[in-house]
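Please keep the sequence and the model at hand while reading.

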Amino acid sequence: MEILVFETAGKASAFAAEKFIEQISQKPNSLLGMATGGTVVSLYQKIIEAYQQKRVSFASARTVNLDEYVGLSPDNAQSYAYYMYSKLFDHIDLPKENIFLLDGLGVVDSELKRFNEFLLQNPIDLQLLGIGTNGHIGFNEPSSQFQLGPHLVDLAEETIKSNSRFFKPGETMPTQAISMGIRDIMLAGKVLLLAFGKAKADAICKMVNSTTVDPMLPVSVLNLRRNVTIVLDKELAQAAGL
Ligand code: F6R
């Protein structure tokens with residue numbers, strides 16, 4: 001495990017963008033595992049800038065996302081499908097047919113099956129992760145056991161509280177999601193986790209110092225990997241005592 005601390009979240013995001021560019025230059029048809037949420041917005045902006053500067057092309061790349069809310073159609077502005085198009089896909093040359101996204105309005109069992117089959121047939125080369133304040137990765141919430149593959153999740157209270165910041169008054173935040181499982185994340189060739197700000201310090205501190213793998217702190221499973229890069233800003237690192 002490699003832990004890198006940058007002066008600002010912006011500099012950390014620029015570093016993460018270079019990791020994506022490096023991955024695509026080494027293997028143009030890489031399968032990239034994508035995340036959503038506030039943390040990775042600036043990374044996606046920097047990838048778009050690199051594309052506009054003709055430093056990278058996604059013409060042969062493929063993507064798959066970690067998760068999706070259940071109950072939101074892909075054209076709902078709060079869905080993760082919409083997020084990916086508006087924040088990244090609409091601005092780069094990634095072919096639409098190379099994008100794997102879940103349909104939050106689809107039949108859950110069918111979506112889980114489609115997701116599982118895709119992941120078993122398509123190994124992820126580089127998986128991007130954020131982290132919840134409760135240590136979730138993807139939407140693998142703290143639990144007594146890990147789910148191996150794609151599964152339906154009842155979002156944790158803490159996640160609902162935290163993510164409700166993205167929903168406007170009058171919009172209801174879904175309480176369920178479909179998420180990749182821990183096996184899916186662990187089988188990725190490389191993992192790049194981004195975490196910024198004091199709110200994530202506790203989860204990162206516990207993960208870095210943990211001597212066991214605890215499904216109640218899902219991110220702790222990353223300790224079993226060699227190829228994982230944790231990218232932090234100084235604010236988080238200081239708060240975590242790193
Ligand atoms: C999103 C995802 C989540 C987020 C995490 C952090 O696809 O899988 O694990 O990465 O909840 O979210 P932010 O960045 O909004 O704090």
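## The enclosed cavity

About 40 Å³ of space lies in the largest cavity, where a cavity is a set of points, on a 1 Å grid over the protein atoms alone, at which a 1.4 Å probe fits but cannot get out. A volume here is the space filled by probe spheres set on the points, with grid points joined across faces, edges and corners. The structure holds one cavity of 30 Å³ or more.

This is a predicted model, in which local features need pLDDT of at least 70 and side-chain atom pairs count only at pLDDT 80 or more, while totals for chains, interfaces and linings use all residues. Residues are numbered from 1 along each chain as its sequence is written, and side-chain values use heavy atoms, with hydrogens and water left out.

The lining of the largest cavity consists of F20, L32, M34, I47, F58, T63, L88, I92 and L94, lining residues being those with an atom within 4 Å of a point. By class, eight of these residues are nonpolar, one is polar and none is charged; Ala, Val, Leu, Ile, Met, Phe, Trp, Tyr, Cys and Pro count as nonpolar, Asp, Glu, Lys and Arg as charged, and the others, Gly among them, as polar.

A pocket, in contrast to a cavity, is an open set of points with protein on both sides within 12 Å along at least five of seven lines. The largest pocket has a volume of about 370 Å³, and of the 25 residues that line the largest pocket, T36, I131, G132, H136 and N163 are the closest to its centre. Helix α5 (residues 157–163) supplies the largest share of this lining, four residues; helices (H or I, at least four residues) and strands (E, at least two) are DSSP runs, numbered from the N terminus. The lining of the largest pocket has 13 polar, eight nonpolar and four charged residues.

The second largest pocket, with a volume of about 220 Å³, is lined by 15 residues, of which A77, Q78, Y83, K87 and F166 lie nearest its centre. Helix α3 (residues 80–87) gives the most to this lining, with five residues, and the classes are eight nonpolar, six polar and one charged.

## The ligand

Around the ligand there are 14 residues, the closest being T36, T39, D67, H136 and G138; a residue counts as near when one of its heavy atoms lies within 4 Å. Which distance separates a polar side-chain atom of T36 from an oxygen atom of the ligand? For T36 the distance is 2.7 Å, for an N or O atom in the side chain of H136 it is 2.7 Å, and for a polar side-chain atom of K200 it is 2.8 Å. Taken alone the ligand exposes 410 Å², of which the protein buries 96%, with accessible areas from the Shrake-Rupley method and a 1.4 Å probe.

## The strands

Seven strands form an open sheet with parallel pairing, in the order β1-β10-β9-β6-β2-β3-β5. Because β1 (2–6) and β5 (99–100) stand at the edges, each with a single partner strand, one side of each is left without a neighbour in the sheet. Two strands pair if DSSP finds at least two bridges between them; strand β2 (residues 31–34) and strand β3 (residues 62–65) pair in the parallel sense over four bridges, and R62 in β3 is the bridge partner of L31.

Antiparallel pairing joins strand β4 (residues 67–69) to strand β8 (residues 176–179) over three bridges, with S179 in β8 as the bridge partner of D67. Strand β7 (residues 151–154) also pairs with β8 in the antiparallel sense, over four bridges, and H151 stands opposite S179 in β8.

Technical notes
Polar contact = N/O pair within 3.5 Å; in protein donor to acceptor, adjacent residues only side chain to side chain.
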